[in-house]
Amino acid sequence: MKKFLFACLFLIGLGWALSNFSGLANKGIYDSIVLDFREDIGVTKIVDEIRTISDKYQVTPTLNSEFSLSDNVYIVKGDRQLLKKLKSSLGKYTEYIEPNYVYSANAIIFDSGDGPNDPMYGKQWNLRSINVESAWNQTKGDGITVAVIDTGVTRVPDLQKTKFVDGYDFVNDNTSATDDNGHGTHVAGTIAQTTNNNYGVAGIAYEASIMPLKVLSAQGGGTVSDIAESIKFAADNGADIINMSLGGGGESQIMQEAINYAHNKGVVIIAAAGNANQSSASYPARYPHVIGVSATDATGDKAPYSNFGAGVDISAPGGSTKDKNEGGGILQETINPENGSTIFASFQGTSMASPHVAGVAALIKASGIEDPEEITNILKKSARAVEEDPLNHFGAGQLDAAAAVNLAIKGQITFRDFFRWLHDNGYLNPGFWLDGGAVALLPKLAMVLGSYLLAWLLRNYFPFAWSFPLHTGLIFGSSGLFFLRSFYVFDLPQWPMRVMGSSLPELGGAIQGSGILNPIFASILIPLLLIVLLLGHHQGKWIAIGTAIGVASCLIVSAFIDPAVWGLGAGITAQIFLVVNALLCLGLARLAIRTEEKLA
């Protein structure tokens with residue numbers, strides 16, 4: 001019995017340590033919280049819960065915007081303590097409760113002055129480096145709409161003849177998405193600045209339309225709730241391409257759902273990798289279905305500020321204004337945020353690299369390619385590969401507009417890789433191991449190792465032989481083939497990989513991709529059913545016994561890593577439920593082994 005208690009205490013302690021350590025891999029700042037109420041509880045219950053929050057915590061949740069009502073998405077001011085309390089008290093009424101992380105513009109500004117009176121295309125080394133002139137011989141992006149999710153867009157003189165469609169200001173909740181920072185206008189110019197107008201500079205897909213969506217304030221920061229709603233707005237209002245030259249720490253479910261929504265509607269989503277010179281892209285570039293873009297300088301080297309590693313899919317010119325080198329930046333016309341006047345300015349950043357890819361994606365789609373996965377594949381296949389890139393500075397390589405358009409028009413893609421590693425958790429990507437991404441594997445490893453520890457302790461009391469059926473049960477119950485979750489198969493649904501990569505307790509949400517545990521699967525019920533059905537079977541009984549032990553390990557670790565259980569929330573109630581059922585599963589396995597001994 002002492003060994004059993006030691007094993008349980010060991011797993012509990014390991015779970016506590018992992019719950020604290022895993023938080024290090026998900027850094028992010030926030031001062032508000034996202035509440036996504038379930039649709040099936042009704043308006044009356046939502047109003048009651050909002051009133052309860054207001055009375056109990058002296059803060060009142062409000063709809064994020066006029067587009068939030070149908071999704072029941074509310075925002076409330078709060079910190080980590082309030083987040084924990086709300087998860088505990090509201091979990092059964094919500095789809096999820098999470099931090100409303102703040103993401104920021106990924107640009108560093110270098111002002112080039114008031115701007116010349118004559119065309120400045122000669123200073124746009126960045127456009128020549130991606131071979132855009134040859135691409136223009138085929139298409140200029142006509143008929144394509146690019147949503148610029150940023151600080152807004154102001155129609156400076158060199159954007160006067162660029163086509164615009166209606167956008168929205170999610171910061172101030174109005175229909176005029178004008179720029180009060182200068183960042184978004186600069187980004188929009190790279191994508192579709194008016195070209196061949198005897199003024200200023202050029203844009204990549206200059207016959208495309210711009211949809212301005214303001215989610216970042218004048219200071220350059222914005223919340224994931226606003227960004228998520230802008231993504232859905234773009235998808236619902238005809239955007240073909242989304243560019244997000246922004247990013248930050250903290251993974252968000254509301255953001256992931258919005259990205260999946262847009263991707264399923266055929267939208268290509270592109271985001272900046274970030275400017276921290278660290279071995280991982282920031283969010284949203286790291287999400288699945290987002291093309292993460294790192295930055296190069298005028299020589300084609302990685303820009304000194306650019307993030308790299310996990311999450312980087314391709315590189316593009318981001319510029320470098322090191323030592324006040326104005327010519328090394330990305331030049332566009334924008335506004336001076338201090339007085340609102342128009343200026344030509346050189347910026348540097350992955351914010352400047354991302355719109356290069358967005359512009360080329362628009363050219364590809366204008367060439368007749370509709371599927372977002374195929375557009376992504378063309379961007380990667382046509383990129384100029386960098387032979388020695390052990391840390392994934394460049395992803396598939398350096399952006400080449402001419403090669404991409406030619407590949408799209410001539411249909412030169414003759415094969416696809418059957419498997420591709422998920423770009424934000426690719427095990428073969430050195431950045432995955434260097435940037436702390438491997439932390440995500442630790443809970444799974446703890447679950448499967450914990451199951452073997454418990455089995456070993458049981459074996460000391462009730463001797464039994466290690467066997468393949470027992471190993472199968474231990475893995476099935478504790479972790480599943482978790483590494484399969486990072487395999488993506490082209491053109492096939494991904495739920496089979498999620499199912500095979502899930503433990504028994506996780507199967508209840510595997511098909512939908514939910515991380516919330518189903519209380520039927522995350523309990524003693526299914527292990528008990530397996531024991532009853534298979535105890536008389538020579539091999540099957542050991543699968544059932546191993547499953548019960550594996551489930552016990554999974555539930556104990558989950559109780560401290562992520563104790564979210566449907567109907568019970570994510571607080572102490574859910575933790576008690578998981579620990580009690582873990583102990584019951586251990587007792588069930590012990591009883592089954594003793595019964596087997598008597599039958600023998």
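**Notes on a buried helix and an aromatic cluster**

1. Buried here means under 20% relative accessible area, exposed means over 50%, and partly exposed lies in between (1.4 Å probe, protein chains only). Helices (H or I, at least four residues) and strands (E, at least two) are DSSP runs, numbered from the N terminus.

2. A word on the basis: this is a predicted model, in which local features need pLDDT of at least 70, side-chain atom pairs count only at pLDDT 80 or more, and totals for chains, interfaces and linings use all residues. Residues are numbered from 1 along each chain as its sequence is written, and side-chain values use heavy atoms, with hydrogens and water left out.

3. Of the 600 residues, 56% are buried. Taking contacts (heavy atoms within 4.5 Å) with a separation of 6 or more, 75% are between residues 24 or more positions apart.

4. The accessible surface of the protein chain is about 24400 Å², and carbon and sulfur atoms hold 57% of that area. Such areas come from the Shrake-Rupley method with a 1.4 Å probe; for residues, only the protein chains shown count as cover.

5. Now to the rings. Rings of Phe, Tyr and Trp (its six-membered ring) pair if their centres lie within 6.5 Å; planes under 30 degrees apart count as stacked, over 60 as edge-to-face and the rest as tilted. The count comes to 14 aromatic pairs. Phe-67 and Tyr-168 have ring centres 4.9 Å apart and planes at 80°, so this pair is edge-to-face. Phe-67 sits in the loop between strand 2 (62-63) and strand 3 (73-77), while Tyr-168 belongs to strand 9 (residues 168-169), 101 residues apart.

6. Tyr-168 counts as buried because its relative accessibility is 3%, whereas Phe-67, at 30%, counts as partly exposed. Phe-67 also forms an edge-to-face pair with Phe-233, at 5.4 Å centre to centre and 70° between the planes. Phe-233 lies in helix 7 (residues 224-236), so this pair ties the helix to the loop between strand 2 and strand 3, parts that are 166 residues apart in sequence. Phe-233 is buried, at 11% relative accessibility.

7. To put the rings together, ring pairs link Phe-67, Tyr-168, Phe-170 and Phe-233 into a cluster.
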